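Hello,

Here is the structure that I promised to pass on to you. Please have it open beside this message while you read what I found in it.

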Amino acid sequence: MMLAQDAAANLSSGWFLEHAWLIAVVPGIGFFLILAVGKRIRDIKVGSLTIPGGGSMFGVASMAASLVLAAGTAYQWIQRVDSAGATHGALGSFGSSITGMLRAEGEGNYITPVVKSYTWWRQGGATFTIGSHIDGLSMIILLLVAFISTLVQIYSLEYLRGDRRYTHFFAALTLFAGGMLTMVLADNMVQIILGWEIMGLCSFMLIGHWWEDAANSRAALKAFFTVRVGDVGLLVGVSIIFFSANSFATKNGFGSGFDLQGINAWAQSGTASHTAILWGAVALFIACIGKSGQFPLHTWLPDAMAGPTPVSSLLHSSTMVVAGVYLVARIYPVFHTGLSINVAGSHFNLIAIIGGITIIIAAALAFVQTDIKKVLAYSTVSQLGYMMMGLGVGAWTPAVFHIFTHAFFKCCLFLCAGSISHSGSHHSFEMKKDMGGLRKKMPITFACWMVSTAALCGVPFFSGFFSKDEIIDNAHHAGYNVFWIIGLVGAFMTTAYMTRATYLTFFGKPRGAAAGEHDDAHGDAHDPHDLDVDDAHAVQPHAVAAHGSTTDDHAHQPVMAMARTVGDVADIHGDVDASDAEEAVHADDAHHAAEHDVHHGPHESPALITVPLVILAVLAFGSGYLNAAAFSIHKFTDWVSPIGGQFFPKIGEASGELPEAAFKWVNALPSILLVLAGFAVSAAVCISIYGDTAAPLKGITKRIAPLRWGYKFLFNKYYLDVLYEKIIVHGVAYPVSAAAYWFNQNVLDGIVNGAGKWARKSGLWIYKNVDQRVVDGTVNGSGAAARGLGSALRPVQSGKVNQYGALLFSAAAVAALVLILVNT
Amino acid sequence: MLISEFLLLGAVLFCIGVYGVIVRKNAVLVLMSIELILNSVNINLLAFSLKYNDISGQTFALYIIAVAAAEVGVGLALVLLIYRNKRNISLDELSEMKG
Amino acid sequence: MLTDHNWILTVGVFLPLAGVLIMLFIPKEEESLNKAIAIITAAVTLAVGIATMAWFKYGSDSSKLQFHVDVAWIPAIKSRYIIGLDGVSMPLYILSMVITLLVMIYSWDHIPEPGNAKAFMILMLILQTGMAGTFVAQDLILFFVFFEVVLLPMYFMIGVWGGEQRQYASLKFFLYTMFGSALMLVAFLALFFQTGAQSFSLEYLYAHSSMISTNVAVWIFAGMFVGFAVKVPMFPFHTWLPDAHTQAPTQGSVILAAILLKLGTYGFIRIAIPTLPQAAVKWAPVIGVLAVIGIIYGALGCLAQTDMKRLIAFSSVAHMGFVMLGISTLTQFGINAAVYGMVAHGLITGMLFFLAGSIKNRYHTLEIAKMGGILKRIPRLGWILGMCAMASLGLPGLAGFWGEFPAILSAYSPFHNDYVHLSQPLFRTLMVIAAIGTVLAAGYLLWMFQRVAFGEASPLIAGDVDADGNDLHAGAHAGDHAGDHLVGERGHGAVPFSVGAAGNADPHAEVHDVGIFEWIAWTPLLIGIVVLGAYPDLMFKVLNGSVTKLLAPVQALTGK
Amino acid sequence: MLSTLLASDVVAPFSSPKIDYHALAPELVLAGVIVAVLLADLFLEESKKWVLSTIAGFGLLAAFIPIVTLAVSGHRARSMFGGAYVVDTYSLLVKGIFLLAGYVVVLLSQNYLEEGDYYQGEYYFLLLSSILGMVMMGSSRDLVTIFVSLEFLSIPAYMLAAWRKRDLKSNEAGTKYYLLGVFASAVMLYGMSLLYGDTGTTILKGIGAKLQNGSMSPVAVLGIVFVIIGFAFKVSAVPFHNWAPDTYQGAPTPITAFLSVASKAAGFVALINLIYVAFPHGGDVFQPMIGVMAASTMTLGNVMALRQTNIVRMLAYSSISQGGFILMPLAVAGGKSSGNALTAIVTYLAVYAATNLGLFAVIIAVSRKTRSGEVSSWGGLFSYAPLLGVLATAFLASLAGIPPLGGWVAKFGAFRAVITSGTNWGYALAIVGAVNSVIAFGYYGSLMREIWMKPVPDGDTAPIRTPSSLNAALMICGGATLALGVVPGIILRFSDIIKL
C-alpha cells in the first residue's frame, strides 16, 4: 500500500520500526495479566526491598518494556532520518523555516513513514485496517507516553499503597497506556477512534476510582459525558472524511478513506471539495476540543482532578488530554486547509482562535483557585490552548515540541502536588488552608517544583522557554499579531498564577495540616461551595471542586470500614490485606505504619515518589535543548517535523507549506520581560495579600467592590455554567419539553448535569405524555373503542322476537331497494 | 291473461304477513302471519306457473303447503311448551337472554 | 445444492420439538428431569448448529443458499417447504440456538413464579423451533408460519411467568404483533399475485420483483413494513416492548431482546427490500427518519425510567433504531452493519437482561433509586454490568460499536446508482442526529450504572432493609451505630458497617455474587461480546457476500 | 318428470326417471339408520337407551362409506331428476364434512343426554334427520330441492334447540329460532317465487342461464336478494344474526355445537349452490351485498363477543364473526377468483368444524365439573386439567388463525381468495379481515388468560374426569385441527379440485 518512493528505497528501517505495534500490545497483555491474576499476588519480600503485589508489577514491567521498545523505535527512526542525509545542522544558525523552505524543493528528502498495515475486516467494499504508522510525530509521542506512564506507575506504587482498589487502579492505568499507544500508533482513523475511546473509558474509571463518594463518580460521569459529546464530532468527521477521501486515497494507492496518509494526501492535493473538508475538519475539531479541554468544553478537566493525583498527572495533564492536539497535528493538512477562514482578507484559522481564547480564559481562572491541583488543571488547559494556537498559526513543530516539554514539567508539577498532599498536607490540596512554608519540610519536592514552574513560565534556558516562546514567536512572524499578544499576555498570567501558587504552597507561614495540625473536616474549607454542595444533585463544577479537593481522604476513609471487617472485605476486594487496611486507618491510633502517620507532621516523601520527581525535573529543564532555536539546535525539528509542511509525498498541487520563524533574541525579549514582570507583580501582590500580619492588601477583594465583582466573576468561571444552563439548555429544551417550570428548578445546575436533567425530564415528559398517552393510548383506546361499540350495539340484541323480525325484514327491504336502484 | 293482479294480491298478502310478524306480540298470530306470507308465495308460484305453462311452479306450491303444515305443527308445539312453562304466549316475555 | 448435508437444517429446526415430545410423557413433578431433558435437547440442537457451521461453505460460497431443501408442502396454494442458509441467516440461526441453551441453563435455578418448569421449558423449546425456522425459511408462507409460531409461547411466557401487569403486557404484545403479521400476510399474498401467482419462493420473488408497478409495490411494502416494524420495534409501534420486557420473566426478556426483535429486521433484509426494491427506495427515507426518531426517543425514554429493566427495554428501541438506520441506507455498508448490530445487540442486551434478572432475584426490586453500591456487595456482577453498559453504549473494542459506527458511517452516503438515489442531505442530517444518539446512550447507561453500582451500598443493597423499605434488623449492631457516630463526626457521612459486620446477622447474608449457573450462562455471551468486538471480521466475512446478493435487486433498479 | 311430460305436446308413455342408487346411497343409508333408531327406541327400555347413540354414530360412519366409494369411482358428476339433484366431488366433500361433524356431535351428546336424562330416541332421530337434510342440501341444484332440504334440516333443529323442555331458556331459544327461521324462509320463498317468475324455471342451471349482469329485471334482483337473505339468516350473517346468540345460549350445548357448525355449514353450502350455479352472472347484485354482510358480520361479531361473560354466548358471537370470514370469499365469487373462493370456503368449513366442535367438547367437559357457563369458571384450568387446557388453547389459537394450527390455513385461504380478485374492494375486505382477526384475539386471548393465568375460582383443583366418548371427540378434533394446520394438503387436495 506504500507509494513507490525512490527516497523510501534507500531509507534505513529496522526491527523496532517494523514491530512498533508491540509497543501498544505489551501493555495490553499487562492489563489482562493484572485482571487475571493481579489480586492473587501478595507482596514479595526480597531482603530489604519489597516487590509490591496486587499485580502492579505487571503494570510497571509492561510499561518499562514498551518504553524500551519505544526507545528502540525512536533510535531507529533517527537512524532513518539521518540515512535520508539531510539535517538542519549543516545549515548553520539560520531559522528552521529557511531550511524548511529549502528542503521543500527537494522532494526526495521526504522521509516516508514506516507503515505496517493489516486488514482488520472488509465490509461493504471498504477495508478496515489495523496497523502501525511510525513517523517523527508518532515516534516522539510514543516515547513520551511510554516514559511518563512508567514514571507515574512507579510513583503510584507508593502513592496508592494500601488502596482498596490498588489492582483495579494499575489495571486501568495500564489499559490506558495501551489505549493511548494504540491511538498514537494508528495508521487509520478507525484505530484512532478505538484508542481514543479506550482512553475515555480509562479516564472514567480512574476519575471515579474512589466511587464510594458520589461526587467522584459524578465527576467521572461528567468527564466521560463531555468528552463523549465531542466524540459525536469524531464519528461524524471520520465518516465525512472517509467518503470524501476514499476514492482519491484508493486511486493513489493508499488503503482507504480511513488511511492517515491517504487523508493527508487528499487534503493537500487541492482536489478535495472544500465543503467536505470544512465540515470534516469542524466535526473532528469538536472532538479535539472535547478531549483536549479547549474552550468551551473545558469544564470537565478541572473536575477530573477528583481522581487520584497520579491520574491527574498522567491522563489529565501530560498525555491523554493532548490526544486532541495530537489528532490535529496528525492530520494537520485537513485542519490547515479545512479550518482556515478568511476574515477581512487575512487568513485566520479557527484552531488558533479557539486556542487563543482558551489560553486567556483558563489562565485567568487559575488565579482564583485555592486547590493546588485545580491551579495546575487550569494551567494545563491554558497550555493546551498554546499548543492549539501554535497549530493554528502554522507553528507545527513548536506546538508538537510544546506537547513534548509540557508533558515533563506539568507531570512533574502534579506529582509534586501529590507528594505534598501525600506527606505534607495530610491528603489535602487546599493551599490556603493546609499548606504554606513547606519549602523547608520538603526540599526535594520544592526543588523539583521550582524547576518545573520555571519551565512552565518559560523562564529562559528552561524547556518551556524554547517551546512556548517559539509558538509566540511564530505567531508574530506569521503576522497574527492578535495571537502574538494573546500569547504574551498568557505568558504573563502564567507566571503570575504560578508565582501565587508557589507562594501559597511553599512560602509564608505553615497553615493547617502543613503546620502539623490534625483537622479532618476539610468540608469547612470552602464556604462558597458548600452552599451548592447541599443542593440536590449539583454537578456544578465548583461543587465538585469541593469534593474533588478532599477526595484523597476518601482513599482511607472506607478502608476504616474494612479494617473492622477485614474478613468480609477481603473476599469482596481480594487485594486488601489487613495490614494495609489498618495502616490506612488514621482515625483511631491503634496502628501506625511509620511514614504514613500524619502526626509526625510534614516531611519529605519516600524515594519511590521523589525519584520520579527528580527525573522529571531534570527533563523539565533539559528537554528543551532538543530544539533550542536560541542555540540553533534543531534535532527535534529534524527528527519530528515533516519537511516543509509536507505530510506525504507530493501528489498534484500541494498547498500550505508552513512558515517557521527564525529565532531572534529580540523577538523573544518581550515575553522574557513579561515573564519577569509577571513574577514581580504577582510576588508583590501575594506577599501583600497572603503575607503575615499587616499585609496592606489583605482581604482586598472583600473591600473594593470592582475587585470583589471581578473575583466573583472569575470565581464562578464567568458564570459560564449558568449561561450555558440558562441560554443553551433552556433554549433547546423549551420547544421539546414545553414545560418551562422544570428549568426553574435546574437554574443552578451545571451544563452537563443541566443537560442531563433536561434530557431526563423531557424524556420523562415524552414518556408520560407521548409514549403512554398518545402512542400507547391509541392502541388501548382502539381496544376500548371496540368494546364501546359492542355496548353501543347491545340494544340491537334486545331479545325481542318482533324486533329481530323487523330488523331482518327492514334490512332485506333496504338491500333490495338499493340493489334494484343500482342494477336496473 | 293478466298476471299482474295475481302478483299484486301476492304482494299485498306478503306485506300484511310481514306487518303481522313485526307488530303482533302473540305467538299464534305471528304464526298465522307467516302462513299468510307462505300463501302469498303460493299465489305467485301458481300465477307464474300458468304464465309459463310450466308445472314445476305448482309442484313447488304443493311442497310449500306440505312443509308449512309440518312447520305449523312444530310451531304450535313450541308455543304450547312455552305456555306450559310461563302461562302466557306473549313474545315480549321471551327475553331471558339478550345483549 | 451446494452440499449433501441438506437434512441438517431440518433437524436443527425441529429437534427441539422432539424434546417436547419426550417431556410430554414426564410428570411435571419431575422438575429436574424435565429441565435436564430440555437442556440436553437444546445442547444437542446447538451441536447440530455447530455442525452446520462446520459444513457451511465460507468464502465466495457464503452468499449462496446452502443446505438448500425444496420439497412440496401445500401444492394447492403453491407454497413449498424451502429452507436454506446463507451468510445473513447463519449468524442469527446460530445465535438463536446459543441463546436458548444459555437461557435454559440459567433457568436451572431461576424458574420464575409460579414454577412449573416443565411447561416453561417446553415453551422455550417451541420458541426455539419457531425462531430457527424463521431464519432458514425461504418461502413466504413457511416464513409466515414460523414467524407466527413464536407468538403463543412468548405470550404465555410473559402472561404466566411475568410480573404484576403480566396479563396486560402479554395481551398487548400479542395484539400488536398479530396486527402486524395480519397485514404482513395480506402483503405477502398481494406480492404473490402481483408476481404472477407462480410461487412463494423467495428466489422466484427476487427474480420477478420488476413485474410490480412501483405504486402497487409501495402499498405492498407498507403492509410488510407494519408487520416487521412492529416486531423490530420501530417508533411508533414500539410501545408493546417496554411493557413486555418489564413484565416478562428474565428468560423471556432475554429471548425477546436477543432473538425475537431480530425477526423484524431480518424480515426487512431478507424479504421486504429484495422483493420490492422499487418500493424500498421510496420507503427508505421514512424508515430512516423513524429509525432516528427511535434512537433519540428511545434514549429519552430511558432517561425517564426509574426501573432498571424498563430502562434496558427502552434502550432496545434506541439500538434497533441504529440497526434500522443502517438498513434504510440500502447500502452494503449499512446492511452489514445492521446485521452486525442485530447480533451485537442480541448478546449485549440479552446479557443486560440476565443481569437485571439476577439483581431482581437477589433484591426483589429493580428500582434504581433503591439501589446503589452493588459493587460493594456483589462486585463481580457489578463489574459485568459495567462492562455490558460500556458495550451497550458502543465502546470500540466491544461488539456494540461495530454495529453502531458503520451504521452511522453508511448514512453519509446512502444508496445511489445511475438512475436512483436517496436524498443525501436528509441522510446526512440523520447521521448527525444518530451520532448525538450515541451521547445520550452514554448518558443513560452510565447514569444507570453510576446510581446502581457506585456509591456506598444503599440500605437495600447492604441488606438493612428489604425491597419495601422495612428495616430488617432494627436495633441490631450497636457497634455499627457507634461506628456511624464516629465517622459521622469526621464529616464523611455514615459508612454502612453492616457491609461486613452484618456478615452473621444480616438477613441478606445469603446474597451471593455471580453463581455457578450464572457463570455458565453468561461467560459465552461475555466472550462473544469481547471477541466480536476485537475481531469483527468473524462475522463480516460471512455477511458481506450474502448482503451483496440481497442488495442486487436494489442495485439493478433503473428507476422505471 | 311430470312437468316435462306435460310440457311436451306428444303424449309419451310414462317412463319412471332413472335413479342412480349408488349416488343416492348416503342418503338412503342415513334414512335407513333414522328408521332403525326410531324402531329401536320403541323396543329399548330406559337403561338400554345408550344403544341408540351407538346406532346413530355407526350409522353416520356407515353413510360415510358410500361417499368414499363414490369418490374413488371417478369425478364424473351424476345428475338426477333433470339436474335437480347432482352428486359431484363438491357435494361429496361437503357431505363428508356433514357426516363427520354429525358423528362428533353424537359423541358429544351421548353423556350429556344420559346424565341430563332427556328423551334419547327422538333426539337422535331428529339429529339424524337434520343431518340428512344437510346431506341432501349438498346435492340440491333446484329451488325446490333446496327448499325441501332446508326445511328438512331446520325443523328438527327447531325442536332440538328447545330440547330441555323444563328450561325456559331452552324454550325461548327454540321459539326464537323457530319464528325467525320460518319468517326468513318465508321471505326466501317469496324471493324464490319471484326468481321462478322471472326465469320460468326452478332448475338452478336454467336460472343461471337467464340471469345476466346489467340486464336484470327488478323482480329478479328482488328475488336474488330475498333468496340470499334466507340463507344469510341460516349462516347468521349480520344483520340477520340476532337469533344466534340467544338460541346458542339457550339450546343444549351439543345442539349449540351442531347449530354453530353443521347448520351454518349447510347454509353456506346452499349459498354456494345458488351463487355458483344460479347467479354466476349476478355478481353485481350479490357481491356488494355479501361483501357488506361479510365486513359487518365479522366486525359486529367480534365487538359483541369482546364484552360477553358467558362462554357459550361468547362463542356464539365468535361463530358469527367466523361466518363473516367465510362470507368474505363469497363476496368475490363469480369473478376470476371463483375457484379460489370455493376452495377457501370449503376449507374454512372443514377447519372451522373441527376446531369449533373441539372447543365445544372442551366446554362440555369443563362444565361437567364447574356446572357454570361463565368465562370466569375456566380460571386456572391449565393447573388442574393440563390436557384440556392445552387443547382449549389449541382450538382458540386455531380460531384466531395462529399457525401451525388449522385456523391459519382457513384464514389464509380466505385472504388469498379476496386478494386474487385484484379488485380494490377485495383488498379493502382483506384489510378489514386482517384487523378483525386481531380484534378477535381480544376475546380468544381473554379465554386463554383464564385458562393459564387466572387462579382457580373456588380453589377446587380436583381433576376433570371425561367419559370416553368425549375423549374420542376431543382427540378427533384436536388431531384434525393440528393436522390441518401442519399439512393443509389433506383438505386442500380435495377442496382444490372441486368445481361447480
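**What I found**

Please keep in mind throughout that this is a predicted model. Several residues of helix 3 of chain B are buried, among them B:Phe60, B:Ile64, B:Val67, B:Glu71 and B:Leu78.

Turning to chain C, you will find 23 helices and 2 strands in its secondary structure, and a division into domain 1 (7-458 + 512-555) and domain 2 (478-510), whose C-alpha centres are 45 Å apart. The C-alpha trace of chain C spans about 85 × 60 × 40 Å along its principal axes. Because a compact globule with 560 residues would have a radius of gyration near 24 Å, the 24 Å of chain C agrees with that expectation. Of these 560 residues, 67% count as buried, and among the contacts in chain C with a separation of 6 or more, 78% come from residues 24 or more positions apart.

Finally, there is the contact between chain D and chain A, to which chain D gives 31 residues and chain A gives 24 residues. On the side of chain D that touches chain A, at least two residues come from each of several helices, including helix 7 (168-199) and helix 18 (424-453). By class, this side of chain D has 24 nonpolar, 3 polar and 4 charged residues.

Best wishes

Terms used:
Residues numbered from 1 in each chain as written. Chains lettered and ligands numbered in written order. Predicted model: local features only at pLDDT ≥ 70, side-chain atom pairs only at ≥ 80, totals over all residues. Contact = placed C-beta atoms within 7 Å. Helix = DSSP H or I, 4+ residues; strand = E, 2+ residues; numbered from the N terminus. Nonpolar A, V, L, I, M, F, W, Y, C, P; charged D, E, K, R; others polar. Buried ≥ 20, exposed ≤ 12 C-beta atoms within 10 Å, placed from the backbone. Domains from an automatic or database assignment. Rg over C-alpha atoms; globule rule 2.2 N^0.38 Å.
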